[in-house]
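I opened my notebook to look up a few things in this structure.

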Amino acid sequence: MPWATHAAPIPHPFYDEKAQGWFWKETTPEPLLRQAPPTVKAPVVPPLPLTPEDTPLTSAWFRAHLGTIRDQALDDPTAENVRRYFVLQKALLDKAERFAEMAHSVVFQDPHLDERAQRPTTPFALALNHQAENHARLNALSQMAKAAGLLFVFRSDCRFCHLMAPLVGELSQRIGMRLYAVSLDGGDLPGLPPETLFKDPGLGQTLHLTATPAFLLMVPQKGLFPVLEGSASALELEAHLYETGLASGLIPSHQHSE
């Protein structure tokens, strides 16, 4: 019988995938969750150290900026600019005052730094020190007087020459130095010993003098060394003569340091 024959099965995907079960719709697999990338921490960069010029109110900062701030106040003198400059200037002065106070304290407590240990400051000690210096200077001048003379050039109508005559006469006698007083106009000056007076009208031009009185140190075989032109006190004349002795080599330099 025709219907008894077995017909070949009709292939269909529905039957081929029966092992999956009987479902009404195909399920799609859920996508894998996207993983967040690992967090990468930025490297920690340490801040650059401040230079002295960047640290406010340091000495280096004042040197680097105070001049600019002053110039701003000068170029644009608004109340703000001027006030800022004076505030910073006061801060700098306060800084210097604190340093000075500490420096005074440090020096006062350290004999090696205290100049008073080397040079006295009290009136009595100063007087003794000056007395010793004057004594040493006069001794040096007395030694120099053995090898040199003092030339005093004057005019009789010069009032400053009259003023200096007794001073130079007294100094020459005190240190034992031979005095040569030369008149340019032939006149005399009171107060000078007669044996010291000479006349030479052309000496001023020969020595290229610009004023009277004039004092020169006479050193045999070395020549003349200018000491002073014009008037001076007795101590000033003595000091000028001493310095000239040093310059001429008649006074050893080690005596000057002492």
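**Entry: rings**

I began with the aromatic rings. Phe-152, Phe-154 and Phe-215 are linked into a cluster by ring pairs. The model is a predicted one. I then looked up the count of aromatic pairs, and it came to 5. One of these pairs joins Tyr-85 and Phe-86. I noted how such a pair is written down: a pair of rings is described by the distance of the centres and the angle of the planes. For Tyr-85 and Phe-86 I read 5.4 Å centre to centre and 65° between the planes. This pair is edge-to-face, because its angle is over 60 degrees.

Next I asked: is Tyr-85 buried or exposed? Tyr-85 has 16% relative accessibility and counts as buried, because the cut-off for buried is under 20%. Phe-86 has a relative accessible area of 48%, so I wrote it down as partly exposed.

**Entry: strands**

I moved on to strand β4, residues 214-219. How many of its residues are buried? I found 5 of 6, so the strand is mostly covered.

Then I looked up the partners of β4. Strand β1, residues 149-154, pairs with β4 in the antiparallel sense, over 5 bridges. In this pairing, Val-153 stands opposite Ala-214 of β4.

Strand β5 covers residues 223-229, and β4 pairs with β5 in the antiparallel sense too, over 6 bridges. I wrote down two facing positions. Leu-216 stands opposite Pro-226 in β5. Met-218 has Leu-224 of β5 as its bridge partner.

What do β4 and β5 form? They form a hairpin, with 3 residues between the two strands. In the turn I noted Gln-221, which has a positive phi of about 70°.

**Entry: helices**

Last, I turned to helix α5, residues 159-175, and helix α7, residues 234-248. At what angle do their axes cross? They cross at roughly 55°, and the axes come within 10 Å. That angle makes α5 oblique to α7. The crossing of α5 past α7 is right-handed.

Which residues make the contact? On the α5 side I listed Met-164, Leu-167, Val-168, Leu-171, Arg-174 and Ile-175. On the α7 side I listed Ala-234, Leu-237, Glu-238 and Leu-241.

Conventions
Residues are numbered from 1 along each chain as its sequence is written. This is a predicted model: local features need pLDDT of at least 70, side-chain atom pairs count only at pLDDT 80 or more; totals for chains, interfaces and linings use all residues. Side-chain values use heavy atoms; hydrogens and water are left out. Rings of Phe, Tyr and Trp (its six-membered ring) pair if their centres lie within 6.5 Å; planes under 30 degrees apart count as stacked, over 60 as edge-to-face and the rest as tilted. Buried means under 20% relative accessible area, exposed over 50%, partly exposed in between (1.4 Å probe, protein chains only). Helices (H or I, at least four residues) and strands (E, at least two) are DSSP runs, numbered from the N terminus. Two strands pair if DSSP finds at least two bridges between them. Axes are lines fitted to C-alpha atoms, for helices over the stretch in contact, and angles run from 0 to 180 degrees between N-to-C directions. Angles under 35 degrees count as roughly parallel, over 145 as roughly antiparallel, 65 to 115 as roughly perpendicular and the rest as oblique. A crossing is left-handed if the near helix is turned anticlockwise from the far one by less than a right angle, and right-handed if clockwise. Contact means heavy atoms within 4.5 Å.
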